[in-house]
Amino acid sequence: MFSKNLKYYRLKKGLTKKALADKANVSPMAITNYESGKRKPDMDTLKSLAEALEVRVSDFLVMRSETIKFSHGEFRKNSTLSQSQQEFVRESVEEYFGRFMTAVDILGGEVLPDAPSCHVLELSADDEGNAALLREHLGFSKDGPIEELIGKLENKGILIYECDIDNRSFSGMNGFVNDRPYIVINPRMSPERIRSTIAHELAHLMFIWPENMPEKEIEDKATAISGSFLFPKFDALRELGIKRSSITRDMTLVAKEYGISMMLLVKRSEIVKIISASVARNFYIRASQKGWRTAEPSRIAAEHPLLFEQLVYRAVNEQEISVQRGAELLQQSFDEVISMCRLNEV
């Protein structure tokens, strides 16, 4: 589907229609017509467009399934993402899951587990109870750390995509592909913030949110649920004790165990009244001075979605597709796919 591929690569390159038109020596209206599907370029123009975007002509001609249905979540109203950046995120989601679903179709739809029902959980005023309900709905234990959150969610049929975008204000988004929930994350964030973002998006996906609830109230409540989801009150009291007069270095070990930042651990400690508001405030001041509000040092290993790669490598090993086709789907080199599929050399 040339029109969608052209738009995707233009947005990925961060070019306006006019900027691309100037580089390819065509009119901005021509780019508009190409992206809308009203016109198709001749081969010389196609080559010029590919050169301007630093891609291969064949990249424009990659087929996309027209049977895939997307329903994208809304960006926050106060988001600082430009309109073109928002379009890039949506186009990236569709491009990625177009390749993902191709691998699923090759192997058969049953390779994906049924996802949990979305927008079915009743919201209450008790955020601790809401978080416990979310854990139960997803089949997690009622307390304790959740290790390998991304892998566990993929095994439960919730799709995760890393959209690399150079904008710190974008943390995540959710939506549906063929009625299956997906969560988008920005891989430039710390592993702790990624886990918090995923939990936040899970709250958006699983609860029934009142239509008349203000957006800020929704975001604050989703954030509160996500914090309790990752670090339940019972665990906080058990790990930290019922009362602390200061923030001590040993608390970083608990933050590491639960895969959360110290900023979140302190916030949860304040909420469940392990520490006072003044102790928390003094910590936030020191943390801000260290730059932790935007770049707190990470203490845990990064997690990444692996399901798509696993599906493609399986398809190659079972000779459902060629190595070259596997490389195209994963956008990896031929040698990278070969190195992962030579299981007899393990």
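Biologist: Why are Tyr 96 and Phe 100 separated by about one helical turn?

Modeller: Tyr 96 and Phe 100 are four residues apart in helix 6, so about one helical turn separates them. Helices here are DSSP runs of H or I with at least four residues, numbered from the N terminus. The model is predicted: local features need pLDDT of at least 70, side-chain atom pairs count only at pLDDT 80 or more, and totals for chains, interfaces and linings use all residues. Residues are numbered from 1 along each chain as its sequence is written, and side-chain values use heavy atoms, with hydrogens and water left out.

Biologist: How many aromatic pairs are there, and what makes the pair of Tyr 8 and Phe 88 stacked?

Modeller: Rings of Phe, Tyr and Trp (its six-membered ring) pair if their centres lie within 6.5 Å; planes under 30 degrees apart count as stacked, over 60 as edge-to-face and the rest as tilted. The count by this rule is 19 aromatic pairs. For Tyr 8 and Phe 88, the values are 6.4 Å centre to centre and 10 degrees between the planes, which is stacked. Tyr 8 lies in helix 1 (residues 2-13) and Phe 88 in helix 6 (residues 83-107), so the pair ties together parts that are 80 residues apart in sequence.

Biologist: Why is the pair of Tyr 96 and Phe 100 called tilted?

Modeller: The ring centres of Tyr 96 and Phe 100 are 6.2 Å apart and the planes stand at 45 degrees, so the pair is tilted.

Biologist: What places Arg 135 over the face of Phe 229?

Modeller: A charge sits over a ring if NZ of Lys or CZ of Arg is within 6 Å of the ring centre and within 35 degrees of the ring normal. Arg 135 lies over the face of Phe 229, at 5.7 Å from the ring centre.

Notes:
Helices (H or I, at least four residues) and strands (E, at least two) are DSSP runs, numbered from the N terminus.
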